[in-house]
Amino acid sequence: MTQRTVVSWNAMISAYSNWGQLNESLTLVHAMHRNSVRLNETTFSTILSVCAKLQSPIDGKQVHCLVLKSGCEGFKFVGSALLYFYANCFEIEQAKRVFDLLCEENELLWSLMLVGYVQCDLMSDALVFFNRMPIRDVVAWTTLISGYSKRESGCEKALELFLLMREEGEVAPNEFTLDCVLRAYGRVGAVDQGKVVHGMVIRYGLEFEHLIGGALIGFYCSCNVMGDAKRVYDKLVNPCLNASNMLIEGLFVMGEVNEAEMIFNGLVERNPVTYNVMIKGYAVSGRADDSERVFLEMPQRTIDSSNAMISVYSRNGEIGKALELFEQTKGERNPVTWNSIISGHIQSAQHEEALKLYMSMCRLSVGQTRSTFSALFHACSCLGSLQQGQLLHAHVAKTPFVSNVFVGTALLDMYCKCGSITDAHKSFMEIYSPNVAAWTALILGYAHYGLCSEALLLFEHMLDQRVDPNAATFVGVLSACIRGGLVNEGMKYFSSMEKHYGVTPTLEHYACVVDLLGRSGHLQEAEVLVKEMPIEADKVVWGALLNACWFWMEMEMGERVAKKILNLDPKNISAYVIMSNIYAGLGRWLEKMTMRRILRGSEVKKDPGCSWIELNNRVHVFSVEDRTHPYCDLIYSTLEHLTANVNCSIQFV
């Protein structure tokens, strides 16, 4: 073109933007400005949207300067694009300044500002802003509901807002609102309330919309109501792949593998997600070979497929195959790929290798996720490596995950297991909105270290925060009562489990109560409890009672209990050892020798104990007559030298 007007430039900039060639669009604006062509409101609104999508704050701020010089900020679409740009770049304070400056002349900014708060996960600010809005249309309601529904613990608030929306009657929900609400009901497992929303969907004539159809199937699958999920699916005309994938996944979860295979085989079209669902489904069903077959049959493998298969190999104990596939993904790996192989090494008890992989991640500047740190803190727990855990804590402190509930729970669990209960408590205090797992981990930590009062006080504080306890929580509470000898309190908590909290006692809980009664001398009550249990006692429950018999030297009951244990597990060495100790303590030497003779004649051997020391961020493990350490000759010679010096000192004295 011999002459280019601003319209010509805008047409080209807009075209590149619409086709997703954002950098080219930005380059054109630079050329336009260099050629002294005056940018107008259309140019500004388009290029600010491009900067927002690119999340390029430097370019966007330069454009903002040009907007201020030109005086175009008063145009509605320019002001909206400015706010959208800052919100999309997570510069919410700048977005708020734009809003405060232009909101009186531009009503479009209200909805955009609300979206900005939600995008930045500032839901408290979003709610306050929402209540200030002069007009709250269906988009505003849906934005807020959607924001809460995507939060880990926000579904209840999302559903509360939906009920408020219905009560106030300002606007009717649309398909996007109902989609969010159905997914939220699915996450909390509220079948009856979700069915009411299904009725609303039918009333509004949205039942056959692909978006709603998929949401309904997802809701029923989440609530394990597969009959209704299949009925919704069968009514859909040409169901979309998203709906098919969700149903296949739900069928696998319920163990209906043949049904899932039928739907998969009947699909005319499949996408990588379909194959990934089958790979994971077969793996969960214990059919790793079928997972591998589907993976190899894929016409086009994606990195997500490789990630899924690495996880399958790892869970199946085939870490060699997982590593081979990991090497094949070089050049396209993402954080999930690294997390999968790290988790695979941890599942194979190769914890040090997992930590080395993390160091490789850091060297290659691969971004970490919450799963990265959760897995690695677990590896440090298994190693008993406090130094490595502290180094990782220093890394996570520089990331947004420091207050994440999953990372925080893994961190405090690591500190508990590595012997630093003070650091565990500090880590708990850093967690934003701790869930039942976080509370339980700290309660178990306090109980393990004999801080019984602190553990029970923490439990009461947890109830005050309206966090419902689960089965693991009560194991921690009962363990604290055992350590503190608090029989009455322990029995009170045990009796309240099912009555007040709907937690059915398991064998682990019964073992705790038997241990509690036995240690405090209530042996008869403990034996009666074991006999009257609604579930058959296992060797752990009987073992707790046998330990109590040893503590109180109760021979007759000990003999009965040992017989029960040996009937369940004839090779149980601890029963023989404990009875031998009871006989020795009571001077019954003939019976003791009989127990020892049985032990010597059996093929059963006691697992050797071990000790370990951490030096220069590495854990060194030692057991009796162990010669596997690379420096074992030097260690033994040093030990002999020390022993000789000690003996000389004793003789001299």
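Just after helix H19, Gly317 adopts a positive phi of about 80°, where helices (H or I, at least four residues) and strands (E, at least two) are DSSP runs numbered from the N terminus. The model is a predicted one, in which local features need pLDDT of at least 70 and side-chain atom pairs count only at pLDDT 80 or more, while totals for chains, interfaces and linings use all residues. Residues are numbered from 1 along each chain as its sequence is written, and side-chain values use heavy atoms, with hydrogens and water left out.

Helix H19 itself comprises 13 residues (303-315), which at 1.5 Å a residue should span 18 Å, and the distance of 18 Å between its end C-alpha atoms agrees with this; the expected span is 1.5 Å times one less than the number of residues. The helix is mostly covered, with 10 of its 13 residues buried, where buried denotes under 20% relative accessible area, exposed over 50%, and partly exposed the range in between (1.4 Å probe, protein chains only). Of the 653 residues, 46% count as buried, and among contacts between residues at least 6 apart in sequence, 57% join residues at least 24 apart. The chain exposes about 34600 Å², of which carbon and sulfur atoms supply 54%, as computed by the Shrake-Rupley method with a 1.4 Å probe, only the protein chains shown counting as cover for residues. There are 57 positive and 70 negative side chains, and the centres of the two sets lie 3 Å apart; Lys and Arg count as positive and Asp and Glu as negative, with His and the chain ends not counted, and each charge is placed at NZ of Lys, CZ of Arg, CG of Asp or CD of Glu.

In soluble globular proteins, nonpolar side chains tend to be buried together. The largest nonpolar core of the chain has 201 residues, and those with the most contacts inside it are Ile217, Leu247, Ile248, Phe377 and Leu545. Helix H25 (residues 405-417) gives the most to this core, with 8 residues. Such a core is a set of buried Ala, Val, Leu, Ile, Met, Phe, Trp, Tyr and Cys residues joined through side-chain atoms within 4.5 Å. When neighbours within four places in sequence are left aside, Leu545 is in contact with Val514, Leu523, Ala526, Glu527, Val530, Met557 and Val561.

Ile263, in helix H16 (residues 257-266), counts as buried because its relative accessibility is 15%, and, with neighbours within four places set aside, Ile263 is in contact with Tyr233, Leu247, Ile248 and Leu251. The C-alpha atoms of Ile263 and Asn245, 18 residues apart along the chain, are separated by 9.2 Å. Met593, by contrast, lies in helix H36 (residues 589-601) and counts as partly exposed at 40% relative accessibility.

Notes
Contact means heavy atoms within 4.5 Å.
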